[in-house]
Amino acid sequence: MHDPSIHHLRRVDPVLAAVIDRVGPCRLETRREGTHFDALVRSIVYQQLSGKAASTILGRVHELYGGRSPTPTELLATPDETLRAAGLSRQKLSYLKDLAAKVESGVVPLAADTIDHLGDDEIIERLVQVKGIGRWTVHMFLIFRLGRPDVLPELDLGIQNAIRRAYRLRKQPKPKDVLRIGKNWTPHASVASWYLWRSLEGAKPVGASSAKKQARKTKPKNRTKSRTRPKTKRRKTRSRRRI
């Protein structure tokens, strides 16, 4: 399935080719269950929460609608107090309501027959208008929901760390550096991103070795106490009185 992408990446980037060899077969898959609206609701609920806590809250929200994710119309019609009781914070509730309102108004078109005809940049432009949805969230949506093949999340810390490690950079690459390094990956940047993420599995944190070296340098050395000469007592001289 991903053979053309892997062939292209190997040909244009020897460093990434080594990453591909180390990681192995590409298992990048899109999540097709539910609707696009469900996927975005999930993304918002999971923000800044542990997986377990977010899953519990999302499950409570689904229980309000018979065990499924609500439609935009249903979400807008649900009283805030009811959704707050399910565990949603006021901030995330405002994000979800804003998403539902923009989907209803057509600002964010999520119907398959519409969004499938929009380019990546236009989808980003539409979705970042929603409160709580930034460029990173849209990139994840493009890769793992819509299956867009040429997405490079330049703001992602994991991508930056993986590039720093693979290309042996002294400093953390900035978003512009990520885009510069990955320009040859087009039109298969999504597979390249997947390989970079997987390359970090089981790896030591970036900079760990240099931190240890620095610790060795700053650690005081055990010095043997130098022998000191015993202090000699000064003889007290009696002052002679003049007669």
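Where is the place of Gln-48? Select it: Gln-48 sits in the loop between helix 3 (36-45) and helix 4 (51-63). Helices here are DSSP runs of H or I with at least four residues, numbered from the N terminus.

Before moving on, note that this is a predicted model, in which local features need pLDDT of at least 70, side-chain atom pairs count only at pLDDT 80 or more, and totals for chains, interfaces and linings use all residues. Residues are numbered from 1 along each chain as its sequence is written, and side-chain values use heavy atoms, with hydrogens and water left out.

**Stop 1: Gln-48**

Check the backbone. Gln-48 is not a glycine, yet its phi is positive, about 55 degrees. Most residues other than glycine have a negative phi. Now show the surface. Gln-48 counts as exposed, at 83% relative accessibility (exposed is over 50% relative accessible area, buried under 20%, partly exposed in between, with a 1.4 Å probe and protein chains only).

**Stop 2: Arg-168**

Jump to the loop between helix 11 and helix 12, where Arg-168 lies. Arg-168 is not a glycine either, and has a positive phi of about 55 degrees. Its relative accessibility is 77%, so Arg-168 counts as exposed.

**Stop 3: Thr-186 and Pro-187**

Select this pair and look at the bond between them. Thr-186 and Pro-187 are joined by a cis peptide bond, with omega about 5 degrees. Most peptide bonds are trans. Pro-187 is placed in the loop between helix 12 (175-181) and helix 13 (189-199).

**Stop 4: Arg-148**

Go to the loop between helix 10 and helix 11 (157-166) and pick Arg-148. Is Arg-148 buried or exposed? Arg-148 counts as buried, because its relative accessibility is 14%. Draw a distance from its side chain to the backbone oxygen of Ile-115: 3.1 Å. Then display the surroundings. Contact means heavy atoms within 4.5 Å.**Stop 5: Gln-129**

Finish in the loop between helix 9 (120-127) and helix 10 (135-144), where Gln-129 is found. Gln-129 is partly exposed, with a relative accessible area of 41%. Which residues is Gln-129 in contact with, leaving aside its neighbours within four places in sequence? Select Asp-98, Lys-102 and Val-107. Now switch to C-alpha atoms. Those of Gln-129 and Val-107 are separated by 8.5 Å, and the two residues are 22 residues apart along the chain.

Notes:
Helix = DSSP H or I, 4+ residues; strand = E, 2+ residues; numbered from the N terminus. Polar contact = N/O pair within 3.5 Å; in protein donor to acceptor, adjacent residues only side chain to side chain.
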